[in-house]
Number of protein chains: 2
Amino acid sequence: MNEISPLYVKVKNHILAHIQSGVWVPGVRVPSENELVESFGISRMTANRALRELTADGYLSRVPGVGTFVKEPPARSSLMELRNIAEEIEARGHRYSSRVVSQAETVASAALVEEFEWKTVSRLYHVQMVHEENGVPVQLEDRFVNPSMAPDFMRQDFSLKTPTAYLLEAIPVDELEHTVEAAMPSASQKDLLGITLGEPCLVLHRRSWSRGQVVTVATLTYPASRYALYSRYKTSPKGALTQ
Amino acid sequence: MNEISPLYVKVKNHILAHIQSGVWVPGVRVPSENELVESFGISRMTANRALRELTADGYLSRVPGVGTFVKEPPARSSLMELRNIAEEIEARGHRYSSRVVSQAETVASAALVEEFEWKTVSRLYHVQMVHEENGVPVQLEDRFVNPSMAPDFMRQDFSLKTPTAYLLEAIPVDELEHTVEAAMPSASQKDLLGITLGEPCLVLHRRSWSRGQVVTVATLTYPASRYALYSRYKTSPKGALTQ
DNA sequence: AAGAGTATACTGTATATACAACCTTATACA
DNA sequence: TGTATAAGGTTGTATATACAGTATACTCTT
């Protein structure tokens, strides 16, 4: 909700907010270009750009001569949904515990500025913690958070509620990016996870967006011997069978 | 190159053709909006739309005051989709090659019978091959196929068409299962991929179903240094924006 | 009552124009 | 020589206008 954002972005956010809050459900007709022209006091080309880009992003579908409508979201399962590891472990009937290694405000490095897609940037919230299943470390979480998107992030106690759980509640995520690679852990990662020297790790790098802005960048490191990522889903119909 | 396609689409196709044919390599500057205006005899807004959409699709990157440039394609593969690695590599403007290590009919082991969910079983088709990008091995494919689902599988020449491409054409897949883990390669895997001793690998295990029957079980091994799996998508709507 | 024609609303595309912000380069000046 | 300024090219945004194509609703005619 930046004051200096372009007009077409304001229109996009206005429509997105109605969709994400559930006010406009799938199938509902959204304002036509001319109606947006009147209500926002903009030109038709600006309204057209907003609707056209939301259509390209899959939020809307347009029919010439009829109107623009909220699109039905397809059954989407993912290799990796945004799930809370604490619930995941407890769903297996195991004991979840965690240890916060560090929680501080930091200065963004050049690489992080790049990842956060910022022009001018200063601070970032940073949390590093270890998640354990039955007392054994299974995930090392290294997370940076955009302060302007989650101003209260640093006041949380992450031994009670994981950063994922907090962010899921606080901010509606509308886009996700995942990169998965294999890597040998660094010395400090090896120590924090309590693994032996030659053991490889699965590294899941995740970025999430809300309303076009990067909310958080997380690097999740799993010891290969203790974790694998799993997904199963139907391609054609609805029901997603992610487990 | 349809005659009746809109102007901005023609401009997009013109630029895409230069990128995909390798005439314009990553980093090269593409024509500015004003240059496109002159060479195509169009208005600047039309040129702007073409360049803006190609940028949104990840093909270009733009710098105000400087110009528009061909973007470096990331060496990563989609997690969600069933994609043909040959097309994937060629889409990056690189050279695809492959080597079939073995192609034979085998007797199913107990573990494979389990994976194929069979009660009574005898034979399986088996293919092992190496996929290369610019002559460097990037994926080791180890695939078993249900003969009753793809009876002509063994008569294919997989140096011409990958097993994935053949199966995609021959059989409609309606369910997918993925498991991703990190592992150290075996000695033979290490040799086939041409990697050094301590290098970990990303192992993607995939099963696909058609009409309730397992079609194929594939184990895809990627050297950690040469490949990462990637996915990006909107959470509420739309098909995956994977590239 | 049925069909044809018309009016209207909506999207899709294209142009011309304008201004702002940004970057590079050349020029003038101290 | 170093610095400030100006000029020009580049992208980003916004407007006003125009015309074409499509779907729906209405009216008139038969």
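What follows is a tour of a predicted model, taken region by region.

## Chain A at a glance

Start with the overall make-up of chain A. It has seven helices and ten strands. Of its 243 residues, 33% count as buried. If you look at contacts in chain A with a separation of 6 or more, 62% of them come from residues 24 or more positions apart.

## Strand E6 of chain A and its partners

Now zoom in on strand E6 of chain A, residues 136-145. This strand is mostly covered, with eight of its ten residues buried. Strand E5 of chain A (residues 123-133) runs antiparallel to E6(A), and nine bridges join the two. To find your place in that pairing, look for A:Tyr125, whose bridge partner in E6(A) is A:Val145. The hairpin of E5(A) and E6(A) has two residues between the strands, and A:Asn134 takes a positive phi there, near 50°.

E6(A) also pairs with strand E9 of chain A, residues 213-223. That pairing is antiparallel too, with six bridges. A handy landmark is A:Arg143, which has A:Ala218 as its bridge partner in E9(A).

Over in chain B, three strands make an open sheet in the order E1-E3-E2, with antiparallel pairing. The edges are strand E1 (29-30) and strand E2 (60-63) of chain B, each of which pairs on one side only. Four bridges tie E2(B) to strand E3 of chain B (residues 67-70), and these two run antiparallel. Within this pair, B:Ser61 stands opposite B:Phe69 in E3(B). As a reminder for anyone tracing side chains here, in a regular strand they alternate between the two faces of the sheet.

A helix goes over this sheet as well. H3(B) lies across E2 and E3 of chain B, and its direction is at about 120° to E2(B).

## Where H2 and H3 of chain B cross

H3(B) has a helical neighbour to consider too. The axes of H3(B) and helix H2 of chain B (residues 33-40) come within 8 Å and cross at roughly 115°. The crossing of H2(B) and H3(B) is right-handed.

Which residues of the two helices meet? From H2(B) there are B:Glu33, B:Asn34, B:Leu36 and B:Val37, and these meet B:Arg44, B:Ala47, B:Asn48 and B:Leu51 in H3(B). By class, the contact of H2(B) with H3(B) has four nonpolar, two polar and two charged residues.

## Around the two DNA strands

Take DNA strand C to begin with. It is surrounded by 22 residues, and the closest are A:Ser32, B:Pro6, B:Leu7, B:Met45 and B:Gly65. Both chains contribute: helix H2 (33-40), helix H3 (44-56) and strand E3 (67-70) of chain A each supply at least two residues of the surface near this DNA strand, and so do helix H1 (7-20) and helix H3 (44-56) of chain B. That surface has nine nonpolar, nine polar and four charged residues.

Next comes DNA strand D, with 23 residues around it. Coming nearest are A:Pro6, A:Leu7, A:Gly65, B:Ser32 and B:Gly65. The elements that each supply at least two residues of the surface near DNA strand D are helix H1 (7-20) and H3 of chain A, along with H2, H3 and E3 of chain B. Sorted by class, the residues of that surface are ten nonpolar, nine polar and four charged.

B:Lys12 is found in helix H1 of chain B. Setting aside residues up to four places away in sequence, B:Lys12 touches B:Ala50, B:Glu53 and B:Leu54. B:Lys12 and B:Ala47 are 35 residues apart in sequence, with their C-alpha atoms 8.8 Å apart.

B:Arg226 sits in the loop between strand E10 (213-223) and strand E11 (228-234) of chain B. It has 18 C-beta neighbours inside 10 Å, so B:Arg226 is also classed as partly exposed. Beyond its neighbours within four places in sequence, B:Arg226 is in contact with B:Val136 and B:Val138. For B:Met154, the C-alpha to C-alpha distance from B:Arg226 is 30 Å, and the two are 72 residues apart in sequence.

Definitions and conventions:
Residues numbered from 1 in each chain as written. Chains lettered and ligands numbered in written order. Predicted model: local features only at pLDDT ≥ 70, side-chain atom pairs only at ≥ 80, totals over all residues. Near = placed C-beta within 6 Å. Nonpolar A, V, L, I, M, F, W, Y, C, P; charged D, E, K, R; others polar. Pairing = 2+ DSSP bridges. Contact = placed C-beta atoms within 7 Å. Axes fitted to C-alpha atoms, helices over the stretch in contact; angles between N-to-C directions. Left-handed = near helix turned anticlockwise from the far one by under 90°. Buried ≥ 20, exposed ≤ 12 C-beta atoms within 10 Å, placed from the backbone.
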